[in-house]
Amino acid sequence: MAKRESQAKVAVFPASFDPLTNGHLDVVERALGIFDRLVLAVAFNTEKEGTFTKDERLAMLRSVFGDEPRVDVTAFDNLTVDFAMEIGAKVIIRGLRAMSDFEYEFEMALMNKHLYPEVETVFMMASQKYLYVSSSRLKELVRLGRSVDAFVPAVVAKKLQEKLGRATLG
């Protein structure tokens, strides 16, 4: 009989979450079906200006996932694989929508494997209904007066409208 591990299976899902989308929610839900604990880690690059500040992104994530005891929300500004090792995560979750995503993520996974062979990268394909949803596309819709309610949690839609919007056309 195989020896049962007593240590929880922890994965980190790093992303800019600028903004959080329903595609992210889909990956989180599916990852929680595999892992005991999931750390949502806002990847924050001080040299790259985003739509939302680090604190705004963290607040939106906490608003959406605050009642889920298996989800932790935090931010980091170092290498993802270094962050994973710091928190004891042996798995990095990456969502993929297109072949162009795969090429970049594959190269990153190989470099991470070189740095820390014990850390695995798990690629999760986006559900078909989210293949075309990207944060830049959603921000463009809001700037041009369109609703993004079908693509993001309500708190995110409200914050996008406050930050970028004009009168909604529907």
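## The nonpolar core

The largest nonpolar core has 34 residues. Such a core is a set of buried Ala, Val, Leu, Ile, Met, Phe, Trp, Tyr and Cys residues joined through side-chain atoms within 4.5 Å. Buried means under 20% relative accessible area, exposed over 50%, and partly exposed in between (1.4 Å probe, protein chains only). Leu38, Leu40 and Ile93 touch the most other members. Among the elements that each supply at least two residues are strand 1 (10–15), helix 2 (54–65) and helix 6 (154–164). Helices (H or I, at least four residues) and strands (E, at least two) are DSSP runs, numbered from the N terminus.

This is a predicted model: local features need pLDDT of at least 70, side-chain atom pairs count only at pLDDT 80 or more, and totals for chains, interfaces and linings use all residues. Residues are numbered from 1 along each chain as its sequence is written, and side-chain values use heavy atoms, without hydrogens and water.

## Salt bridges

A salt bridge is a side-chain nitrogen of Lys or Arg within 4 Å of a carboxyl oxygen of Asp or Glu. The count comes to 12. One of them joins Asp18 and Lys139, at 3.4 Å from N to O. Asp18 lies in the loop between strand 1 and helix 1, and Lys139 in helix 5, so the pair ties together parts 121 residues apart in sequence. Asp18 is buried, at 7% relative accessibility. Lys139 is buried too, at 11%.

Arg37 and Asp72 meet in another, at 2.5 Å from N to O. Arg37 lies in strand 2 and Asp72 in strand 3. Arg37 is partly exposed, at 29%.
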